[in-house]
Amino acid sequence: MNKYNRNKLVKFDIFYKIISVAVSYPILLMIVKLALKFSGVKYLTNEYIYTFFSKPTTILGVFLIMLLFLLNVSMEQQFVFAGYERLRTERMRIAYVIDNGFWGMKNILKPWNILSLLLTGIIVITMNLAVVYNIIINVVNVKTYIAEGLKKSVDIRYIIVGILAVLLFVTAMGIFTSCIMYDKKTSFFGAFRESFRISAGNLLKVLFYVTVYNIAVMAVVIILYAAISAIVIAGVNVLDLNKAGAAIYLTVIRYFSMFMNVALSLVSVPVTFVFISWMYGKFAGNAPGSRIDREKSYHSLVKFVIAASCILDIFYVYSSINDNHFKQIDFFRIVEITSHRGSSLSFPENTMLAF
């Protein structure tokens, strides 16, 4: 593998993420605000969440958010496929990745191929169950709902197992569909049939690789949490902060979880597509169709777009710090960690001495 090309593909994906956030974030924010406005909700609490999601405007908003996610992921997928096939060449040109990525996306957006967007979303979720679980379990109140649901109704367990089984089956059978669509520019149904044929002939191996990939992702998550826990505990002991140890630990873990949610979400998608590309080469070989390979440079345009996107992203971060854009939704509020100050006999509560 060409080290120069590998580094260039990593940089390209980082730039894509920067541009994607700059474009997608204001659209996401607008959809959420309009959904709240048209549903008549000024502040969304957990008690009204079911009523909120039953509104037609909310259902439309959820659909648009899912569509935005699927478009972003599919576009990144096509860029990764284009970059991956050039990893072993002498020099990767950004123009090649851009041209063929957009060409592949144009094929996906044809009316008869639009189902490939949904399949891509299913595959990304199934290949990153550990990441999805980490995000869900760290969102305030979600884990409580899941726990209560499992206690009250045993049927939910069967539903969850059933959903996971369906996701795994669809992923195993259709995992190479997007690769084939990019490789040969075929229709979704034709590519899915070929993917089904390839996977059926290597079913145990495909399931093994999908399982190992998920275990590897889960291991990374556990190792990162264990490492940060060990660092915090060691720091508390070294600095002799045992009295505040629990509060410090919980605070660090809370912010680390937020960082992990963002970082894993950004990294897991391109890594998944690189892994699938490797599997496709292993089981199906390389039989590429036509490609766009012209001597053209987008350097000036790319630099301008990246610079503008960086400015917008910095503005989004700054504005979010000063004013939480999702403050109308109780679901996303983070509960502050507090602790009993102790020693109330020596320093009575609500006195200047205590403060």
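**The nonpolar core and its surroundings**

Mentor: The largest nonpolar core holds 53 residues, and those with the most contacts inside it are Met127, Ile175, Phe176, Val206, Phe273, Met279 and Phe283. Helix 12, which spans residues 245–284, gives the largest share of this core, ten residues. The model is a predicted one.

Leaving aside residues up to four places away in sequence, Val206 touches Ala172, Ile175, Phe176, Ser199, Met279 and Phe283. Of these partners, Ile175, Phe176, Met279 and Phe283 are also listed among the core residues with the most contacts.

Next comes helix 9, which covers residues 177–184. This helix is mostly covered, with seven of its eight residues buried. Those buried residues are Thr177, Ser178, Cys179, Ile180, Met181, Tyr182 and Asp183. After helix 9 comes Lys185, which has a positive phi, near 55 degrees.

For contrast, turn to helix 1, residues 3–38, where Arg6 is found. Arg6 has 36% relative accessibility, so it counts as partly exposed. The C-alpha atom of Arg6 is separated by 8.3 Å from that of Tyr84, although the two residues are 78 residues apart along the chain.

Met30 is also found in helix 1. Its relative accessibility is 47%, and therefore Met30 counts as partly exposed too. Met30 belongs to a nonpolar surface patch of about 460 Å², made together with Val23, Ile27, Leu34 and Phe38. There is a simple rule behind such spacing: an α-helix has 3.6 residues a turn, so residues three or four places apart point the same way.

These parts can now be set in the whole chain. The protein chain has 13 helices and zero strands. Of its 355 residues, 37% are buried. Among contacts with a separation of 6 or more, 78% are between residues 24 or more positions apart. The protein chain exposes about 21,300 Å², and carbon and sulfur atoms supply 71% of that area.

To return to the part you asked about: the core has 53 residues, and helix 12 supplies ten of them. Val206 is one of the residues with the most contacts inside the core, and Met279 and Phe283 are among the residues that Val206 touches.

Technical notes. Residues are numbered from 1 along each chain as its sequence is written. This is a predicted model: local features need pLDDT of at least 70, side-chain atom pairs count only at pLDDT 80 or more; totals for chains, interfaces and linings use all residues. Side-chain values use heavy atoms; hydrogens and water are left out. Helices (H or I, at least four residues) and strands (E, at least two) are DSSP runs, numbered from the N terminus. Buried means under 20% relative accessible area, exposed over 50%, partly exposed in between (1.4 Å probe, protein chains only). Patches are made of residues with over 30% relative accessible area and no salt bridge: like charges are joined within 9 Å, nonpolar side chains (Val, Leu, Ile, Met, Phe, Trp, Tyr) within 5 Å. Accessible areas come from the Shrake-Rupley method with a 1.4 Å probe; for residues, only the protein chains shown count as cover. A salt bridge is a side-chain nitrogen of Lys or Arg within 4 Å of a carboxyl oxygen of Asp or Glu. A nonpolar core is a set of buried Ala, Val, Leu, Ile, Met, Phe, Trp, Tyr and Cys residues joined through side-chain atoms within 4.5 Å. Contact means heavy atoms within 4.5 Å.
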